[in-house]
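Visitor: I would like to go through this entry with you, beginning with the aromatic rings and then turning to the helices.

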Amino acid sequence: MDCIYLYNPNSGKGKIKKKIPYIRKKLEEKFERVDIVETESAHDFKQRVRESVDKYDTILFSGGDGTFNNVLEGVGDREIPLGYIPSGTTNDIAHSLGIPRNIKGALKVILDGYTEGVDCMRVNGAHYVMYIAAAGAFTEVTYNTPQKSKRALGWIAYAIQGLKKNMKLDIFPVHCSCGGKEVDTHGVLVFVMNGRMVAGMPVNKEGSMCDGALEVAIVKQVKKPNFFQRMGKYLSIAAIMFFGARIKKKDVEFLLGDSVKIETGEDVVWDFDGEEGIRGNIEIEVLKGRVKMFVPKNKKI
C-alpha cells in the first residue's frame with residue numbers, strides 16, 4: 001500500500017519539519033511506499049492533493065485546521081482514506097476527532113489502521129468545509145494574523161490581532177433557515193458548526209462529526225444599537241465561547257438541522273475552517289460519513 005505525506009512547514013511553530021525522519025521511519029512500518037512532500041503554499045498543498053488522489057492509496061498530511069480545509073478542497077467529491085498529524089495553532093478538528101495533538105500519538109492512530117466515515121459540509125454545492133463556517137466578529141483573525149506572529153506566540157497572536165482589528169463589531173443582516181425554523185434578524189456573529197471545538201474552546205460540546213447534523217449559533221443585534229447594546233455583544237460572544245452555543249440568552253439563537261440557508265449582505269466574508277472563503281449568501285448541507293479518516297477506535301467523534 002502506497003501513501004503520500006504532505007506537510008505545511010509553517011503551521012504551528014514550524015516544529016514538524018524537524019521530525020520528518022522519525023515520521024518516515026514510522027510510516028514505513030505500515031506502508032510499502034512513502035513519499036514525503038513539503039508544500040510551499042495553501043494553493044500548492046491543494047494542488048498536490050488533487051494530483052495525489054489517483055496515484056496513492058492514502059493521503060497523510062500535517063498542518064492546522066486551514067490545511068485540513070485545503071485537503072478537503074483538493075479531494076473534492078472523490079474518495080480516499082486520510083490520515084492527519086495535527087501541527088497547527090489550535091487544532092480544533094483534531095480535538096473533535098479525538099486525534100492526539102502530538103506526533104507520536106497521531107502516528108499511532110494511523111498505524112493502528114482504524115478508519116471511520118466522518119461528516120463534512122458542502123457550501124453552495126462547490127466548497128468543502130470540515131468543521132466551521134463563520135462570519136462576523138473576530139472570524140477574520142484566523143486568516144489575517146501574520147504567520148510570523150503565530151509561530152512566535154501561538155494562540156496569543158490570534159488574541160492580539162483580534163483586539164487590534166475587531167473591537168468594532170460590524171452589524172449585518174441575517175435571514176437563516178435551518179431545521180424547519182426561520183430567523184430574520186441582524187447579527188454580529190454566525191457559526192455553522194460540524195465539530196465540537198472552535199478556537200480551542202468547546203463551543204459545540206454536544207456536537208458530533210458522525211451524526212449528520214449541523215449546529216448554528218447567531219449572536220443577534222439591533223440594527224442601530226446604543227452603547228450598552230454594543231457592549232452587551234462582547235459578553236454574549238464570551239458566553240458562547242466559554243459556556244457553549246446552546247446557552248440560554250435572548251440574543252443568542254441556536255438552530256439544528258442537516259442543512260442551512262443564510263441570506264446576508266454581499267460584503268459579508270465567510271471563514272471556512274480558518275481560511276478566507278466566499279462572500280454573501282450561503283447554502284450548506286452536511287455530507288454524512290463523506291470523509292474516510294484514520295481515527296482512534298472507540299472514541300466519541
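Guide: Buried means a relative accessible area under 20%, whereas exposed means one over 50%. Please keep in mind that this is a predicted model.

Visitor: Is Phe-61 buried or exposed?
Guide: The relative accessible area of Phe-61 is 0%, and the cut-off for the buried class is under 20%. Phe-61 is therefore buried.

Visitor: What geometry does the aromatic pair of Phe-61 and Phe-68 have?
Guide: Phe-68, the partner of Phe-61 in this pair, is also at 0% relative accessibility and counts as buried. The ring centres are 5.1 Å apart, and the planes make an angle of 85°. Since planes over 60 degrees apart count as edge-to-face, the pair of Phe-61 and Phe-68 is edge-to-face.

Visitor: How are helices H1 and H5 oriented to each other?
Guide: The axes of H1 (residues 20–27) and H5 (residues 103–112) come within 10 Å and cross at roughly 20°. The contact is made by residues including Tyr-22 and Leu-27 of H1 and Leu-107 and Ile-110 of H5, and by class it has seven nonpolar, no polar and two charged residues. Because angles under 35 degrees count as roughly parallel, H1 and H5 are roughly parallel.

Technical notes:
Residues are numbered from 1 along each chain as its sequence is written. This is a predicted model: local features need pLDDT of at least 70, side-chain atom pairs count only at pLDDT 80 or more; totals for chains, interfaces and linings use all residues. Side-chain values use heavy atoms; hydrogens and water are left out. Axes are lines fitted to C-alpha atoms, for helices over the stretch in contact, and angles run from 0 to 180 degrees between N-to-C directions. Helices (H or I, at least four residues) and strands (E, at least two) are DSSP runs, numbered from the N terminus. Angles under 35 degrees count as roughly parallel, over 145 as roughly antiparallel, 65 to 115 as roughly perpendicular and the rest as oblique. Contact means heavy atoms within 4.5 Å. Ala, Val, Leu, Ile, Met, Phe, Trp, Tyr, Cys and Pro count as nonpolar, Asp, Glu, Lys and Arg as charged, and the others, Gly among them, as polar. Rings of Phe, Tyr and Trp (its six-membered ring) pair if their centres lie within 6.5 Å; planes under 30 degrees apart count as stacked, over 60 as edge-to-face and the rest as tilted. Buried means under 20% relative accessible area, exposed over 50%, partly exposed in between (1.4 Å probe, protein chains only).
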